Amino acid sequence: RSSDLYMAFAYMLTGEHAQAIVTADGARTIGERIADRGLRVVGNYHLSNALWIGGDPCRAAEPARAATSIAKDAPLHERFGLAGMAAVLTRFILANVLADLGEFTEALAAGQEGLRIACAAGHLYSEAIARMGLGYAHLRHGDFARVTRVLEEGLALCRRMEIRFALTFIAAELGSAYVWSGRATEGVALLEEAVGALPAMRMEGYGSLLIPFLAEAYLVLGRIAEARGKAEQAVALARVHQQRAWEAWGLKQLGDVHAHEPADAEPAGDAYQRALVLARELTIRPLVAHCHMGLGTLRAGIGGHEERRKHLAAAQTLYREMEMPFWLEKAELEIKALS
(Lines give C-alpha, C1' and ligand atoms only; values in the text may rest on other atoms or scores of the structure.)
Protein backbone atom coordinates (compact mmCIF):
# COMPACT_ATOMS: atom_id res chain seq x y z
CA ARG A 1 0.00 0.00 0.00
CA SER A 2 3.00 2.34 -0.09
CA SER A 3 1.93 3.42 -3.57
CA ASP A 4 -1.38 4.62 -2.10
CA LEU A 5 0.51 6.79 0.39
CA TYR A 6 2.63 8.34 -2.34
CA MET A 7 -0.58 9.06 -4.23
CA ALA A 8 -2.14 10.63 -1.12
CA PHE A 9 0.80 13.03 -0.90
CA ALA A 10 0.58 13.81 -4.62
CA TYR A 11 -3.15 14.53 -4.30
CA MET A 12 -2.41 16.97 -1.46
CA LEU A 13 0.16 18.86 -3.51
CA THR A 14 -2.23 19.39 -6.39
CA GLY A 15 -5.19 20.35 -4.21
CA GLU A 16 -7.21 17.13 -4.57
CA HIS A 17 -7.70 16.90 -0.83
CA ALA A 18 -10.86 14.78 -0.82
CA GLN A 19 -9.07 12.07 -2.79
CA ALA A 20 -6.00 12.40 -0.55
CA ILE A 21 -8.16 11.84 2.53
CA VAL A 22 -9.82 8.74 1.07
CA THR A 23 -6.51 7.25 -0.07
CA ALA A 24 -4.66 7.89 3.19
CA ASP A 25 -7.55 6.61 5.30
CA GLY A 26 -7.66 3.42 3.25
CA ALA A 27 -3.96 2.80 3.86
CA ARG A 28 -4.35 3.55 7.56
CA THR A 29 -7.25 1.09 7.85
CA ILE A 30 -5.22 -1.68 6.23
CA GLY A 31 -2.31 -0.92 8.55
CA GLU A 32 -4.57 -1.31 11.57
CA ARG A 33 -6.02 -4.54 10.21
CA ILE A 34 -2.66 -6.22 9.62
CA ALA A 35 -0.92 -4.54 12.61
CA ASP A 36 1.75 -2.97 10.40
CA ARG A 37 3.36 -0.23 12.48
CA GLY A 38 4.91 1.58 9.53
CA LEU A 39 1.68 1.65 7.57
CA ARG A 40 -0.19 2.85 10.67
CA VAL A 41 2.28 5.69 11.27
CA VAL A 42 2.44 6.88 7.68
CA GLY A 43 -1.27 6.35 7.03
CA ASN A 44 -2.22 8.42 10.07
CA TYR A 45 0.40 11.05 9.19
CA HIS A 46 -0.85 11.49 5.62
CA LEU A 47 -4.49 11.40 6.73
CA SER A 48 -3.88 14.14 9.28
CA ASN A 49 -1.95 16.19 6.73
CA ALA A 50 -4.71 15.80 4.14
CA LEU A 51 -7.43 16.76 6.61
CA TRP A 52 -5.45 19.79 7.80
CA ILE A 53 -4.61 21.07 4.32
CA GLY A 54 -8.15 20.15 3.30
CA GLY A 55 -9.39 22.61 5.91
CA ASP A 56 -10.57 20.47 8.83
CA PRO A 57 -8.04 20.73 11.70
CA CYS A 58 -10.51 19.32 14.22
CA ARG A 59 -10.75 15.99 12.38
CA ALA A 60 -7.01 16.07 11.73
CA ALA A 61 -6.13 16.04 15.43
CA GLU A 62 -6.96 12.37 16.10
CA PRO A 63 -4.76 10.85 13.35
CA ALA A 64 -1.99 13.36 14.16
CA ARG A 65 -1.95 12.22 17.79
CA ALA A 66 -2.17 8.59 16.70
CA ALA A 67 0.76 8.90 14.29
CA THR A 68 2.91 10.58 16.97
CA SER A 69 2.01 7.97 19.58
CA ILE A 70 2.67 4.97 17.33
CA ALA A 71 5.97 6.40 16.11
CA LYS A 72 7.23 6.69 19.72
CA ASP A 73 7.67 2.91 19.85
CA ALA A 74 9.84 2.83 16.72
CA PRO A 75 13.62 3.34 16.53
CA LEU A 76 14.35 7.07 16.60
CA HIS A 77 15.87 7.21 13.10
CA GLU A 78 13.05 5.17 11.52
CA ARG A 79 11.47 6.86 8.51
CA PHE A 80 8.95 4.24 7.27
CA GLY A 81 9.52 5.49 3.71
CA LEU A 82 8.99 9.16 4.58
CA ALA A 83 11.47 11.79 3.47
CA GLY A 84 12.19 12.70 7.09
CA MET A 85 12.28 10.98 10.47
CA ALA A 86 8.85 9.72 11.49
CA ALA A 87 9.34 10.99 15.06
CA VAL A 88 9.85 14.48 13.65
CA LEU A 89 7.28 14.60 10.85
CA THR A 90 4.47 13.31 13.05
CA ARG A 91 5.21 16.05 15.59
CA PHE A 92 5.35 18.60 12.78
CA ILE A 93 1.77 17.91 11.71
CA LEU A 94 0.61 17.67 15.33
CA ALA A 95 2.03 21.14 16.02
CA ASN A 96 0.27 22.58 12.96
CA VAL A 97 -3.11 21.05 13.73
CA LEU A 98 -3.17 21.89 17.43
CA ALA A 99 -2.01 25.46 16.78
CA ASP A 100 -5.03 26.02 14.55
CA LEU A 101 -7.27 24.65 17.31
CA GLY A 102 -5.70 26.98 19.88
CA GLU A 103 -4.19 24.14 21.92
CA PHE A 104 -0.87 25.94 22.11
CA THR A 105 0.71 24.22 25.10
CA GLU A 106 0.59 20.84 23.38
CA ALA A 107 1.30 22.29 19.93
CA LEU A 108 4.46 24.08 21.05
CA ALA A 109 5.64 21.08 23.06
CA ALA A 110 5.27 18.84 20.00
CA GLY A 111 7.08 21.32 17.77
CA GLN A 112 9.93 21.82 20.23
CA GLU A 113 10.39 18.08 20.76
CA GLY A 114 10.42 17.47 17.01
CA LEU A 115 13.15 20.09 16.56
CA ARG A 116 15.18 18.65 19.45
CA ILE A 117 15.02 15.16 17.95
CA ALA A 118 15.97 16.35 14.47
CA CYS A 119 18.93 18.42 15.70
CA ALA A 120 20.19 15.60 17.94
CA ALA A 121 20.07 13.21 14.98
CA GLY A 122 21.73 15.68 12.62
CA HIS A 123 19.10 15.02 9.95
CA LEU A 124 18.88 18.32 8.10
CA TYR A 125 15.70 17.66 6.12
CA SER A 126 13.90 16.67 9.33
CA GLU A 127 15.27 19.79 11.02
CA ALA A 128 13.84 21.98 8.24
CA ILE A 129 10.40 20.39 8.60
CA ALA A 130 10.55 20.63 12.40
CA ARG A 131 11.37 24.34 12.19
CA MET A 132 8.49 24.84 9.77
CA GLY A 133 6.02 23.25 12.20
CA LEU A 134 7.31 24.99 15.31
CA GLY A 135 7.42 28.32 13.46
CA TYR A 136 3.79 27.91 12.40
CA ALA A 137 2.71 27.20 15.99
CA HIS A 138 4.52 30.30 17.26
CA LEU A 139 3.02 32.36 14.42
CA ARG A 140 -0.56 31.40 15.25
CA HIS A 141 0.24 31.97 18.93
CA GLY A 142 1.42 35.50 18.16
CA ASP A 143 5.00 35.11 19.39
CA PHE A 144 6.75 36.74 16.44
CA ALA A 145 10.17 37.00 18.10
CA ARG A 146 10.29 33.23 18.52
CA VAL A 147 9.05 32.71 14.94
CA THR A 148 12.00 34.78 13.77
CA ARG A 149 14.54 32.90 15.90
CA VAL A 150 13.29 29.50 14.76
CA LEU A 151 12.77 30.28 11.09
CA GLU A 152 15.72 32.47 10.15
CA GLU A 153 17.93 29.44 10.75
CA GLY A 154 15.41 27.30 8.92
CA LEU A 155 15.37 29.61 5.90
CA ALA A 156 19.17 29.57 5.67
CA LEU A 157 19.16 25.78 5.96
CA CYS A 158 16.55 25.37 3.22
CA ARG A 159 18.39 27.70 0.85
CA ARG A 160 21.69 25.90 1.48
CA MET A 161 20.21 22.42 1.05
CA GLU A 162 17.68 23.46 -1.65
CA ILE A 163 14.74 22.01 0.29
CA ARG A 164 12.13 23.77 -1.84
CA PHE A 165 8.98 22.49 -0.14
CA ALA A 166 10.00 23.62 3.35
CA LEU A 167 11.58 26.79 1.95
CA THR A 168 8.23 27.90 0.54
CA PHE A 169 6.39 27.58 3.84
CA ILE A 170 9.20 28.89 6.01
CA ALA A 171 9.51 31.97 3.77
CA ALA A 172 5.76 32.62 4.14
CA GLU A 173 5.70 32.11 7.92
CA LEU A 174 8.83 34.21 8.47
CA GLY A 175 7.51 36.88 6.12
CA SER A 176 4.32 37.14 8.16
CA ALA A 177 6.32 37.39 11.39
CA TYR A 178 8.40 40.19 9.86
CA VAL A 179 5.21 42.07 8.96
CA TRP A 180 4.04 41.95 12.59
CA SER A 181 7.52 42.92 13.81
CA GLY A 182 7.66 46.18 11.87
CA ARG A 183 9.63 44.76 8.96
CA ALA A 184 6.83 44.74 6.39
CA THR A 185 9.00 45.43 3.33
CA GLU A 186 11.21 42.42 4.11
CA GLY A 187 8.12 40.38 4.90
CA VAL A 188 6.45 41.16 1.58
CA ALA A 189 9.57 40.09 -0.33
CA LEU A 190 9.57 36.68 1.39
CA LEU A 191 5.82 36.25 1.00
CA GLU A 192 5.91 37.10 -2.71
CA GLU A 193 8.72 34.58 -3.13
CA ALA A 194 6.69 31.89 -1.34
CA VAL A 195 3.40 32.47 -3.17
CA GLY A 196 5.20 32.85 -6.49
CA ALA A 197 6.87 29.45 -6.07
CA LEU A 198 3.62 27.48 -5.76
CA PRO A 199 2.65 27.16 -9.47
CA ALA A 200 6.11 25.99 -10.58
CA MET A 201 6.06 23.35 -7.83
CA ARG A 202 2.49 22.34 -8.75
CA MET A 203 1.39 23.12 -5.19
CA GLU A 204 -1.63 25.27 -6.03
CA GLY A 205 -3.64 23.54 -3.31
CA TYR A 206 -1.56 25.33 -0.68
CA GLY A 207 -2.25 28.79 -2.07
CA SER A 208 -5.33 29.35 0.05
CA LEU A 209 -3.16 28.90 3.15
CA LEU A 210 -0.30 31.21 2.13
CA ILE A 211 -2.01 33.94 0.11
CA PRO A 212 -3.87 35.51 3.10
CA PHE A 213 -0.47 36.19 4.69
CA LEU A 214 0.51 38.15 1.57
CA ALA A 215 -2.80 40.03 1.59
CA GLU A 216 -2.14 40.96 5.21
CA ALA A 217 1.33 42.26 4.33
CA TYR A 218 0.01 44.38 1.46
CA LEU A 219 -2.59 45.84 3.83
CA VAL A 220 0.07 46.84 6.36
CA LEU A 221 1.96 48.64 3.58
CA GLY A 222 -1.21 50.46 2.53
CA ARG A 223 -1.48 48.63 -0.79
CA ILE A 224 -5.23 48.24 -0.34
CA ALA A 225 -6.24 47.20 -3.87
CA GLU A 226 -3.58 44.48 -3.95
CA ALA A 227 -4.55 43.32 -0.47
CA ARG A 228 -8.20 43.03 -1.50
CA GLY A 229 -7.28 41.15 -4.67
CA LYS A 230 -5.19 38.61 -2.79
CA ALA A 231 -7.80 38.10 -0.08
CA GLU A 232 -10.49 37.52 -2.71
CA GLN A 233 -8.17 35.14 -4.57
CA ALA A 234 -7.54 33.15 -1.38
CA VAL A 235 -11.26 32.82 -0.65
CA ALA A 236 -12.05 31.77 -4.22
CA LEU A 237 -9.22 29.22 -4.26
CA ALA A 238 -10.31 27.74 -0.94
CA ARG A 239 -13.86 27.34 -2.23
CA VAL A 240 -12.66 25.63 -5.41
CA HIS A 241 -10.73 23.11 -3.32
CA GLN A 242 -13.39 22.94 -0.58
CA GLN A 243 -10.90 24.01 2.11
CA ARG A 244 -13.28 25.46 4.65
CA ALA A 245 -10.69 26.45 7.26
CA TRP A 246 -8.62 28.39 4.74
CA GLU A 247 -11.79 29.94 3.35
CA ALA A 248 -12.49 31.20 6.87
CA TRP A 249 -8.98 32.67 7.23
CA GLY A 250 -9.35 34.30 3.81
CA LEU A 251 -12.70 35.80 4.74
CA LYS A 252 -11.26 37.21 7.95
CA GLN A 253 -8.47 38.81 5.93
CA LEU A 254 -11.02 40.20 3.49
CA GLY A 255 -12.83 41.69 6.48
CA ASP A 256 -9.59 43.35 7.57
CA VAL A 257 -9.17 44.88 4.12
CA HIS A 258 -12.71 46.25 4.02
CA ALA A 259 -12.35 47.56 7.58
CA HIS A 260 -9.58 49.88 6.41
CA GLU A 261 -12.03 51.70 4.13
CA PRO A 262 -14.81 53.60 5.97
CA ALA A 263 -17.28 53.07 3.15
CA ASP A 264 -16.79 49.31 3.43
CA ALA A 265 -17.88 48.76 7.06
CA GLU A 266 -20.86 46.65 6.02
CA PRO A 267 -18.83 44.31 3.72
CA ALA A 268 -16.23 44.04 6.49
CA GLY A 269 -18.84 42.99 9.02
CA ASP A 270 -20.30 40.47 6.58
CA ALA A 271 -16.87 38.92 5.88
CA TYR A 272 -16.06 38.69 9.60
CA GLN A 273 -19.43 37.10 10.36
CA ARG A 274 -19.05 34.48 7.62
CA ALA A 275 -15.54 33.70 8.83
CA LEU A 276 -16.81 33.46 12.41
CA VAL A 277 -19.50 30.92 11.48
CA LEU A 278 -16.94 28.67 9.79
CA ALA A 279 -14.33 29.10 12.54
CA ARG A 280 -16.82 28.13 15.23
CA GLU A 281 -17.99 25.09 13.29
CA LEU A 282 -14.40 23.92 12.73
CA THR A 283 -13.27 24.78 16.30
CA ILE A 284 -10.53 27.14 15.09
CA ARG A 285 -10.45 29.12 18.32
CA PRO A 286 -7.72 31.63 17.45
CA LEU A 287 -9.67 32.60 14.35
CA VAL A 288 -12.90 32.85 16.36
CA ALA A 289 -11.10 35.32 18.63
CA HIS A 290 -9.70 37.31 15.69
CA CYS A 291 -13.17 37.58 14.11
CA HIS A 292 -14.62 38.91 17.36
CA MET A 293 -11.72 41.35 17.51
CA GLY A 294 -12.43 42.53 13.97
CA LEU A 295 -16.14 43.00 14.65
CA GLY A 296 -15.37 44.82 17.87
CA THR A 297 -13.06 47.31 16.22
CA LEU A 298 -15.30 48.30 13.30
CA ARG A 299 -15.84 52.01 13.78
CA ALA A 300 -19.04 52.56 11.83
CA GLY A 301 -21.93 50.88 10.12
CA ILE A 302 -22.16 47.61 12.06
CA GLY A 303 -23.88 47.40 15.42
CA GLY A 304 -23.61 49.86 18.26
CA HIS A 305 -21.36 50.53 21.20
CA GLU A 306 -22.70 47.61 23.26
CA GLU A 307 -22.41 45.18 20.35
CA ARG A 308 -18.78 46.12 19.82
CA ARG A 309 -18.08 45.77 23.54
CA LYS A 310 -19.49 42.21 23.53
CA HIS A 311 -17.28 41.19 20.60
CA LEU A 312 -14.17 42.67 22.24
CA ALA A 313 -14.99 40.94 25.52
CA ALA A 314 -15.38 37.63 23.68
CA ALA A 315 -12.02 38.13 21.99
CA GLN A 316 -10.40 39.06 25.30
CA THR A 317 -11.75 35.94 27.00
CA LEU A 318 -10.52 33.63 24.23
CA TYR A 319 -7.08 35.22 24.05
CA ARG A 320 -6.72 34.85 27.81
CA GLU A 321 -7.87 31.21 27.76
CA MET A 322 -5.40 30.35 24.98
CA GLU A 323 -2.62 32.39 26.64
CA MET A 324 -2.03 34.66 23.63
CA PRO A 325 -0.49 37.74 25.31
CA PHE A 326 0.25 39.73 22.15
CA TRP A 327 -3.37 39.61 21.03
CA LEU A 328 -4.77 39.87 24.56
CA GLU A 329 -3.00 43.20 25.02
CA LYS A 330 -4.50 44.50 21.77
CA ALA A 331 -8.00 43.47 22.84
CA GLU A 332 -7.59 45.11 26.25
CA LEU A 333 -6.41 48.35 24.63
CA GLU A 334 -9.46 48.36 22.37
CA ILE A 335 -11.78 47.76 25.33
CA LYS A 336 -10.13 50.60 27.22
CA ALA A 337 -10.51 52.93 24.21
CA LEU A 338 -14.19 51.97 23.86
CA SER A 339 -14.82 52.71 27.53
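Analyst: A residue is called buried under 20% relative accessible area, exposed over 50% and partly exposed in between (1.4 Å probe, protein chains only). This is a predicted model, in which local features need pLDDT of at least 70 and side-chain atom pairs pLDDT 80 or more, while totals for chains, interfaces and linings use all residues. Residues are numbered from 1 along each chain, and side-chain values use heavy atoms, without hydrogens or water.

Asp256 lies in helix α13, which covers residues 244-259 (helices are DSSP runs of at least four residues, H or I, numbered from the N terminus). With a relative accessible area of 14%, Asp256 is buried, and leaving aside residues up to four places away in sequence, Asp256 touches Leu219 and Tyr272 (contact means heavy atoms within 4.5 Å).

Now to the pair of helices that you can follow side by side. Helix α16 (residues 305-321) and helix α17 (residues 325-338) have axes that come within 9 Å and cross at roughly 155° (axes are lines fitted to C-alpha atoms over the stretch in contact, with angles from 0 to 180 degrees between N-to-C directions). That angle makes α16 roughly antiparallel to α17, a label used over 145 degrees. From α16, the residues that meet the partner helix are His305, Arg308, Arg309, Leu312, Ala313, Gln316, Tyr319 and Arg320. On the α17 side, the residues in this contact are Trp327, Leu328, Ala331, Glu332, Glu334, Ile335 and Leu338.

Helix α7 shows how a whole helix can be enclosed: 16 of its 18 residues are buried, so the rest of the structure largely encloses α7. Just after α7, Gly142 takes a positive phi of about 95°.

Ala35 is not a glycine, yet Ala35 has a positive phi of about 55°, and Ala35 sits in the loop between α2 (17-34) and α3 (37-53). Glu162, also not a glycine, has a positive phi of about 55°, and Glu162 sits in the loop between α8 (144-161) and α9 (164-180).

Technical notes: Helix = DSSP H or I, 4+ residues; strand = E, 2+ residues; numbered from the N terminus. Parallel < 35°, antiparallel > 145°, perpendicular 65-115°, else oblique.
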